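Subject: Structure handover

Hello,

Here is the structure I promised to pass on. Please open it first, then read the notes below.

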Amino acid sequence: MAQYDFGIVGLGVMGRNLLLNVADHGFAAAGLDVDAEKASAFEKAAKEGQQVKGTTSAEEFVGSIKTPRAIMLLVPAGKPVDAAIQTLLPFLEKGDIVIDGGNSFFPDTDRRVTELADKGIHFFGMGISGGEKGARFGPSMMPGGDKNAYERLRPVFEAIAAKVDGEPCVAYLGNGSAGNYVKMAHNGIEYALMQLISESYDLLKRGLGFEDAELQPIFEEWNNTELKSFLIEITSDILKKKDEGSDELLVNFVSDRARSKGTGKWTSQDAMNLQVPVPVIDAAVTMRDLSAYKTERVKAAELLKVTPTEIGAVDKQKFVAQLKNAYYFAMINTYAQGLAQLFVASKEYDYELKLEEVAKIWRGGCIIRALCLEDFRKAFQKQPDLPNILLDEEIGATLLAKQGDTRDIIKIAVDKGIPLPAFMASLSYFDGYRSATLPTNLVQAQRDYFGAHQYERTDREGVFHTEWK
């Protein structure tokens, strides 16, 4: 008998936590997993009096959910999503809604939207951010799909989402794969912010010789300023954690070979397809790739020794204040690039995104939540069609005030031989974006010289070709 309000396929940690969150808010919740132990564990984890059900039978699961059914898939991206859909299809009916809550590549979501629409079933791609804890107590959620069908999902999603000033960190974002695309851009920004923080840490520790005990208070203090964010907060926590049975920080024993699941790469790839520059994200992806070449880097460290330029004594207190400003500068430039990509993608893919809504739902629950997102929201409230937040007068003025410290920090890093690719990319982007004239006129002349690709002129209309020699 159909009595459950919402169902989830995949009762791993994320699926179980999210479904328990649903049950906590008074909704009857059903779960499906091929593993009977996971189905049973979900039921046992529920509170007394909650209406929950775990099963291994797809037919029983689908039949127990009220129509039009709302069923979320929390399985690995790729083929497992298609396999889960095929398992459910024999029991679904027209008007039912299937939501993919994983990090699926957005073209896959567009394909699934079309395939299921032919059967009268609505398909949503929905990014979820916040990790295991967020799923249990309030994530940020980014759904995209049929706007009318979203009304069936809205009461559940708004109830379980993180809240900021009483506002749920979830909103209908747009058509088709809009939700997955926004989550992809979110993850690209996440890559870049993590890289910037790691570069700050490296410059403090390896570049200027800060002791471990000096590092943690810096990030803790930063989190009580305009830099307040989840990633700065967890950095402060990480720099407190001692290795078990030792006085050494655990982070000192963590391998520097960084892994990734591909969402940052997807962000960079599609930005290039759209011809949107996102150099800080690109730099972060590149550095994760470079980290994998550990054996070569160890050899290069011996062969390519650099004698750092002597810069004299550094006032540590002043340096930390400058680095704080430089991080803020680079952080804003990072968000600017990701949001600019969403602006262009929305037009290219007909998403109809409202970037004010994106900034609003990123303020809580998600990994890139930060105090500055409220400033972005206000900027988009004033100018809904703002193509880049650097064009907002208040944000632009703040960056102008902090650019000098950014330049000084980068100079010190260069002299010390410490790589700061993300910081450098943020400054180059800023300088390039604010340049009314770029040297690409010479590039155009070169292209015409060797390939007769033609060029435009500044003094008259038309397309031209020159025999340069």
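Residues 179-469 have their end C-alpha atoms 53 Å apart. This span is 63% helix and 1% strand. The UniProt record, an unreviewed entry, gives residues 179-469 the feature "domain: 6-phosphogluconate dehydrogenase C-terminal". Please keep in mind that the model is predicted.

Next, the aromatic rings. The count comes to 18 aromatic pairs. Take Phe-106 and Tyr-181 as one of them. Their ring centres lie 4.8 Å apart and their planes meet at 70°, so this pair is edge-to-face; planes over 60 degrees apart fall in that class. Where do the two residues sit in the fold? Phe-106 belongs to helix α5 (residues 106-117), while Tyr-181 belongs to helix α8 (residues 178-207). The pair therefore ties together parts that are 75 residues apart in sequence. Phe-106 and Tyr-181 are both buried.

Lys-316 lies over the face of Phe-210, 4.5 Å from the ring centre. Lys-402 has its charged end over the ring of Tyr-328, at 5.2 Å from the centre of that ring.

Is Asn-333 buried or exposed? Its relative accessibility is 0%, so Asn-333 counts as buried; the cut-off for buried is under 20%. Which residues does Asn-333 touch, leaving aside those up to four places away in sequence? They are Leu-390, Leu-399, Ser-426, Tyr-429 and Phe-430.

Last, the cysteines. How many disulfides does a search of the whole structure find? The search finds 0. A disulfide needs the two sulfur atoms within 2.5 Å. Cys-169 is buried, with a relative accessible area of 0%. Cys-372 is in no disulfide either. Its nearest cysteine sulfur is also that of Cys-366, 11 Å away. Cys-372 has 2% relative accessibility, so Cys-372 counts as buried.

Best wishes

Technical notes: Residues numbered from 1 in each chain as written. Predicted model: local features only at pLDDT ≥ 70, side-chain atom pairs only at ≥ 80, totals over all residues. Heavy atoms only, no water. Phe/Tyr/Trp six-rings, centres within 6.5 Å; stacked < 30°, edge-to-face > 60°. Helix = DSSP H or I, 4+ residues; strand = E, 2+ residues; numbered from the N terminus. Buried < 20%, exposed > 50% of the residue type's maximum accessible area, 1.4 Å probe, protein only. Lys NZ or Arg CZ within 6 Å of the ring centre and 35° of its normal. UniProt positions renumbered as here; feature names shortened; annotations may be inferred. Contact = heavy atoms within 4.5 Å.
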